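The sequence and the model are shown first.

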Amino acid sequence: MARTEYDSEYNSGETGPRGSDNPSADLETCYVGPIRVRRDPGEASETTDRRLLEWVDPRDRDLRAERTMRDSWRVLRIQSEFVAGFDALSEVAEAVTVFGSARLVPGSAEFDLAIRLGRALGEAGYAVITGGGPGAMEAANRGAWDTGAQSIGLNIELPFEQHLNEWVDVGMNFRYFFVRKTMFVKYAQAFVCLPGGFGTLDEMFEALTLVQTKKVVRFPIVLVGREHWAGLLDWMREVLLAKGMISSDDLDLLHLVDEPAEAVEIIAAAAAGRGGR
Ligand SMILES: C/C(=C\CNc1ncnc2c1ncn2[C@@H]1O[C@H](COP(=O)(O)O)[C@@H](O)[C@H]1O)CO
């Protein structure tokens with residue numbers, strides 16, 4: 001049975017669930033939205049997003065009735081997550097959202113690149129927003145933290161152990177993917193993508209389509225790490241552009257650089273072009 005922080009308030013002073021002196025001994029920590037949960041490793045891998053998106057057979061009248069009731073309540077929970085996010089971030093001034101692999105290892109060249117990016121953005125006066133997790137997120141938050149810039153982590157409930165990295169000074173744990181994604185966009189003036197996998201690609205393409213469809217003002221999307229990204233851009237040119245599925249203007253929405261300083265230069269120039277800083 002998972003134990004939440006609320007449980008431990010009631011159980012204070014007792015030994016751990018399995019009689020251990022250290023109640024956390026064999027438990028892992030994760031977040032269910034804002035609630036910290038300690039549970040047995042491998043237990044309960046169902047997230048709020050998964051429950052929301054679960055298919056229910058509408059021919060089963062009982063299940064359908066239950067889903068309708070649950071979904072109605074869910075709307076209030078989603079609403080409250082938007083409210084909490086807007087409240088937490090309402091004082092963020094100029095900020096850049098950084099995406100990148102959760103799996104970068106401290107000490108690797110790409111982890112160092114992410115630290116340098118966080119520093120360069122912080123030194124230029126930008127708050128840095130990340131997914132608040134490990135790897136590139138931790139590194140970029142750490143770089144920003146080093147400079148005294150605001151270091152923001154927007155974490156997400158996942159089916160395994162999950163916590164905000166220690167370099168975040170404003171942090172939030174979201175239940176809903178799409179609410180968190182709104183925050184990544186709403187509070188940033190630019191996106192920077194470090195090398196990454198599916199999660200990073202998803203975030204990069206979402207940013208790209210929002211700019212392409214003019215859902216957000218044309219702000220720069222900078223891909224850092226030519227070696228990582230060049231193949232994807234070649235494919236876009238050789239396949240998507242050649243087939244007429246994108247236009248050459250669309251390709252101009254992406255900037256490819258190697259150095260954090262180049263990313264900052266592009267972001268600052270775009271802001272100057274919009275009449276801001
Ligand atoms: C897989 C691992 C940790 C997962 N923890 C994450 N915490 C917060 N945000 C995450 C996490 N994993 C992915 N993201 C988001 O996607 C992007 C990275 O995805 P990728 O597939 O690793 O490229 C990142 O920008 C986050 O917003 C390690 O144990």
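The secondary structure of this protein consists of ten helices and ten strands. The model is a predicted one. The protein has 277 residues, of which 34% count as buried. Among its contacts between residues at least 6 apart in sequence, 68% link residues at least 24 apart.

Strand 6 is joined by three bridges to strand 5, residues 127-130, and the two strands run parallel. Within this pairing, I129 has I152 of strand 6 as its bridge partner.

In total, 20 residues surround the ligand, and the closest are G131, G133, G196, G199 and T200. By class, the shell comprises seven nonpolar, eleven polar and two charged residues.

Beyond helix 7 comes a loop that connects this helix to strand 9, residues 221-224, and K214 lies in that loop. The phi angle of K214 is near 60°, a positive value in a residue other than glycine. Is K214 buried or exposed? K214 counts as exposed because 8 other C-beta atoms lie within 10 Å, and a residue is exposed if that number is 12 or fewer.

The last part of this account concerns the packing of two helices. In general, such a pair is described by the angle between the axes and the distance between them. Helix 4, residues 109-123, and helix 10, residues 260-273, pack at an angle of about 35°, and their axes are 9 Å apart. The crossing of helix 4 with helix 10 is right-handed. Which residues of the two helices meet? From helix 4 come R116, L117, A120 and L121, and they meet P260, A261, A263 and V264 of helix 10. This contact has seven nonpolar residues, one charged residue and no polar residues.

How values were computed:
Residues numbered from 1 in each chain as written. Predicted model: local features only at pLDDT ≥ 70, side-chain atom pairs only at ≥ 80, totals over all residues. Near = placed C-beta within 6 Å. Nonpolar A, V, L, I, M, F, W, Y, C, P; charged D, E, K, R; others polar. Axes fitted to C-alpha atoms, helices over the stretch in contact; angles between N-to-C directions. Helix = DSSP H or I, 4+ residues; strand = E, 2+ residues; numbered from the N terminus. Left-handed = near helix turned anticlockwise from the far one by under 90°. Contact = placed C-beta atoms within 7 Å. Pairing = 2+ DSSP bridges. Buried ≥ 20, exposed ≤ 12 C-beta atoms within 10 Å, placed from the backbone.
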